[in-house]
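Please consult the sequence and the structure shown here while reading.

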Amino acid sequence: MASYDRPRAGGSPRPLKTGDTWWYAAVAGEAAGSFRARARTRTRRACLGAVLVLTVVYAGLVLTTTGRRWGDAAVTGRRADSAAVTVIRDHPSLAGLTTVSLVLGCVLLLAVGLIRKRYALTGAAAGAVVTALAVTGLLQRYAPRPRLVDTAGALVPSGFPSVQTTLALGVALGLVFVVPHRQRALAVGLATLWAAAVGTYTIASGQHRPGDVIAAALVVLAVVSGLLAVIARKGKVSPAPRRGTPLPGLLATVPLALLAAAGLGAGLWLLGDTLALPATAPYDPAELRLAHRCGQALAAGVVAAAGLIPLLLLRRVDLDGAAAPYRLDGPFVEAAGVPGDGELVGPFTEDGDHEIS
């Protein structure tokens with residue numbers, strides 16, 4: 001008996017690992033649904049964690065005077081940031097390009113799912129985007145907040161959370177449902193980088209505060225994670241085969257991880273200095289510029305992290321097929337060859353000469 005077939009001391013089962021054989025369930029007591037149970041637990045915790053962080057962001061950046069002052073300084077500081085001013089002034093077509101890219105992203109999401117004939121998963125991806133947009137609209141309309149007015153005394157409509165960022169990141173994470181497992185990291189990683197660019201552009205153009213972009217990323221993460229938990233609960237997940245090299249995925253996930261680490265690290269490091277703004281104007285232009293760059297870094301870091309989390313949760317999880325009760329392996333299965341799709345396999349080969357003595 002191999003080492004992974006022996007139960008632990010006391011008879012308690014250990015988690016199922018790649019290579020465990022069909023008889024492991026009888027020896028160690030592994031439940032048939034343990035794989036999807038673990039997938040459901042991870043995604044459910046991610047959903048609850050995103051909701052908790054969203055609540056903290058809402059309370060800190062919307063309901064407190066200090067948070068609102070920091071958000072206003074980050075938006076105002078874009079005029080003191082020469083780099084942002086130059087890009088917006090020299091490239092006025094970025095606004096139209098952002099809108100066109102959002103439309104093309106939605107079309108691409110639906111096209112990939114329909115071409116692959118994954119109609120249920122395509123509906124799930126579209127439902128996740130629509131749900132995230134609906135939650136964003138409800139928060140913009142009904143979430144309690146102080147009345148915001150501009151310098152002329154006119155009421156400013158709320159942008160918490162950002163609709164553009166919700167749509168961009170919703171499309172990026174929607175690819176989790178429709179893209180094959182081996183191409184998932186590359187597709188979602190590249191799309192999340194695009195979503196981060198859309199979010200930071202809305203801050204640089206003055207359309208949204210950094211908190212709006214951060215909240216949008218958390219809304220999408222909560223919705224997608226909750227939907228993945230429902231899919232896992234229904235048993236629509238299975239262990240993904242370990243085939244191929246992860247290099248294509250690393251080409252996108254490594255820059256995404258670097259963006260998340262650098263953005264969150266730099267943003268949190270600068271946050272302490274920018275929260276100490278005076279209660280009333282005039283403000284130092286250098287402090288406003290620092291607040292703007294801090295907000296840009298935090299927003300980009302949170303969006304990148306929101307794209308990485310589903311990839312980590314689904315690292316060995318395939319959404320294309322139903323869950324297999326156990327992972328089959330061993331000399332008998334190897335002798336029988338690799339089973340085809342939908343083919344029932346067991347511990348013994350189909351060789352007619354084989355008998356149980």
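Arg-233 belongs to helix α9, which spans residues 210-233 (helices are DSSP runs of H or I with at least four residues, numbered from the N terminus). The model is predicted, so local features require pLDDT of at least 70 and side-chain atom pairs pLDDT 80 or more, while totals for chains, interfaces and linings use all residues. Residues are numbered from 1 along each chain as its sequence is written, and side-chain values use heavy atoms, without hydrogens and water.

With a relative accessibility of 60%, Arg-233 is classed as exposed (buried means under 20% relative accessible area, exposed over 50%, partly exposed in between, with a 1.4 Å probe and protein chains only).

Three salt bridges are found across the whole structure (a side-chain nitrogen of Lys or Arg within 4 Å of a carboxyl oxygen of Asp or Glu). They are listed below.

| Asp-72 | Arg-209 | 2.6 Å |

Asp-72 and Arg-209 form a salt bridge that links distant parts of the chain, from helix α3 (residues 65-76) to the loop between α8 (181-204) and α9, 137 residues apart. Asp-72 is partly exposed at 32%, and Arg-209 is partly exposed at 26%.

Technical notes
Helices (H or I, at least four residues) and strands (E, at least two) are DSSP runs, numbered from the N terminus.
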